Amino acid sequence: MLTIKEISVSYGNRAVLRDVSFELGDGQIIVLLGANGAGKTTLIKALNGTLPISAGEINLNEQPLTSISRREIAKNIAVVAQENETRFPVTVLEFVLSGRFVHGGAFGWETDGDIRFAENALKDCDLAGYASRLMNELSGGERQRVVLARALATGAKILLLDEPTANLDLAHQAMMFRLVRERSRSCGASAVVITHDLNLAAEFADEILLLKDGRIAAKGAPSEVLTAENIDDVFGVKVLLDSNPASGNVRVTNVF
Ligand code: ADP
């Protein structure tokens with residue numbers, strides 16, 4: 001469980017996150033929404049300790065994040081960052097196996113268990129035939145799925161995903177969210193996910209955090225947060241709301 005108490009983050013003397021508080025419970029999926037520059041990526045970076053906070057507190061399983069080693073954090077929290085430099089000439093299997101480093105494995109020294117984790121993650125991400133393909137010879141969407149597979153292979157209970165569906169086709173967007181949902185149900189894994197797709201957020205989020213200018217503008221269940229007023233306030237667009245006929249969840253339609 002991650003507990004975030006009144007955190008602020010600054011770049012130099014410019015505060016870009018202010019007074020952000022929320023809790024990521026076991027099995028919970030939180031979707032972060034907000035306009036470009038609202039502070040979403042900054043928040044993800046703060047949550048795994050790669051960016052220092054200037055005020056407040058982040059606790060991982062009731063221990064201050066600052067008191068936990070990088071390796072221990074990585075065992076618990078896996079990040080899929082937005083700008084992945086992943087065009088190396090390494091194979092897909094090698095890349096995904098690198099997610100097992102935190103458990104002691106290394107290239108050439110991985111255990112059968114590590115390989116099983118990696119192969120399962122590849123299968124889950126619809127990459128079963130890709131193990132010996134080279135990372136630098138994949139499409140953007142395929143690479144993105146490999147990066148997700150590496151995060152899954154770590155076995156971390158908390159996933160932080162920064163626009164994980166940006167390059168994915170419709171089927172793989174749904175696959176990504178379904179995977180996260182299944183892991184939450186099967187082993188209590190939780191996730192913080194950034195997306196710009198309000199309807200995917202409505203379908204998959206337990207809770208939505210709406211960020212505006214570095215502050216939480218609204219927080220709660222999708223039906224509470226995705227109101228025409230909030231969306232106009234944060235994105236400056238008019239929308240119509242009704243309910244998705246398949247799921248009954250709130251559905252957002254842009255008015256052009
Ligand atoms: P989002 O992910 O919501 O688009 P970011 O968290 O990337 O927003 O950025 C929040 C604000 O912080 C923006 O104004 C951005 O310009 C600024 N920012 C992001 N990264 C840096 C950085 N490394 N140095 C200085 N300012 C930054």
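1. Start with the pocket: the largest one is lined by 17 residues, and Ala74, Ile77, Ala78, Val79 and Thr154 are those nearest its centre. A pocket here is an open set of points on a 1 Å grid over the protein atoms alone, where a 1.4 Å probe fits, with protein on both sides within 12 Å along at least five of seven lines; lining residues have an atom within 4 Å of a point.

2. Before going on, a word on the source. This is a predicted model, where local features need pLDDT of at least 70 and side-chain atom pairs count only at pLDDT 80 or more, while totals for chains, interfaces and linings use all residues. Residues are numbered from 1 along each chain as its sequence is written, and side-chain values use heavy atoms, with hydrogens and water left out.

3. How much space lies in the largest pocket? About 390 Å³, taking volume as the space filled by probe spheres set on the grid points, which are joined across faces, edges and corners.

4. Now see who builds the lining. Helix 2 (70–76), strand 6 (77–80) and helix 5 (140–153) each supply at least two residues, and strand 6 gives the most, with four. (Helices are DSSP runs of H or I, at least four residues; strands are runs of E, at least two; both are numbered from the N terminus.) By type, the lining has ten nonpolar, five polar and two charged residues. Here Ala, Val, Leu, Ile, Met, Phe, Trp, Tyr, Cys and Pro count as nonpolar, Asp, Glu, Lys and Arg as charged, and the others, Gly among them, as polar.

5. Helix 5 also holds Val147. Is Val147 buried or exposed? Val147 is buried, at 4% relative accessible area (buried is under 20%, exposed over 50%, partly exposed in between, with a 1.4 Å probe and protein chains only).

6. Beyond its neighbours within four places in sequence, Ser8 is in contact (heavy atoms within 4.5 Å) with residues including Leu17, Ile53 and Ala55.

7. Strands pair if DSSP finds at least two bridges between them. Leu2 stands opposite Leu24 in strand 2, while Lys5 has Glu57 as its bridge partner in strand 4. Strands 1 and 2 form a hairpin with two residues between them, and Gly12 in the turn has a positive phi of about 60°.
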